[in-house]
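Please look at the sequence and the 3D structure below, and then read on about pairs of charged side chains.

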Amino acid sequence: MADCIFCKIVAGEIPAKVVFEDEAVLAFEDLNPQAPEHVLVIPKKHIATLNDLSAEDAPVIGAMSRAAARIAHDRGFAEIGYRTVMNCNEHGGQTVYHIHMHVLAGRALSWPPG
Ligand code: AMP
Ligand code: ZN
């Protein structure tokens, strides 16, 4: 999708520190990390928000979760723990309109979120 920064990262038009890739998803380090470890897992297909997820595209959420768990294992924080977050629309705090799963780790994260 034109003018989508995450589609541009998938296309290789914008650089990113890629940490994992398979046929369905791409994962890279967040530009503005909110924890010592902060990775974004995105589908290669453009889907603007969670509200736009079709039944046909639903398996990509499983692929994103599995990628997050694999990244956690590979980077050594699976056992101590981590958080996955998907923000949706204004009140959810979404700023990039291509769905993404935040993977946050490396410190004890507070709850509830702000
Ligand atoms: P959200 O606010 O949930 O939409 O999250 C968007 C995230 O994308 C933020 O944490 C940003 O720091 C991150 N971000 C924006 N542009 C880039 C980029 N070019 N490369 C890596 N992360 C980015
Ligand atoms: Zn996109």
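A salt bridge is counted here when a side-chain nitrogen of Lys or Arg is within 4 Å of a carboxyl oxygen of Asp or Glu. This is a predicted model, in which local features need pLDDT of at least 70, side-chain atom pairs count only at pLDDT 80 or more, and totals for chains, interfaces and linings use all residues. Residues are numbered from 1 along each chain as its sequence is written, and side-chain values use heavy atoms, with hydrogens and water left out.

The structure holds 5 salt bridges, including these:

| Pair | Closest N to O |
|---|---|
| Arg-75 and Glu-37 | 2.9 Å |
| Asp-74 and Arg-70 | 3.6 Å |

Arg-75 forms a salt bridge with Glu-37, and this pair links distant parts of the chain, 38 residues apart, since Arg-75 lies in helix H2 (residues 59-75) and Glu-37 in strand S3 (residues 37-43). Helices (H or I, at least four residues) and strands (E, at least two) are DSSP runs, numbered from the N terminus. Glu-29, Glu-37 and Arg-75 are linked in a network of salt bridges.

Asp-57 is buried, at 15% relative accessible area, whereas Lys-45 is partly exposed, at 44% (buried means under 20%, exposed over 50%, partly exposed in between, with a 1.4 Å probe and protein chains only).

Within helix H2, Asp-74 and Arg-70 are 4 residues apart, which means that about one helical turn separates them. Asp-74 counts as exposed at 52% relative accessibility, while Arg-70 is partly exposed at 48%.

Key: Chains lettered and ligands numbered in written order.
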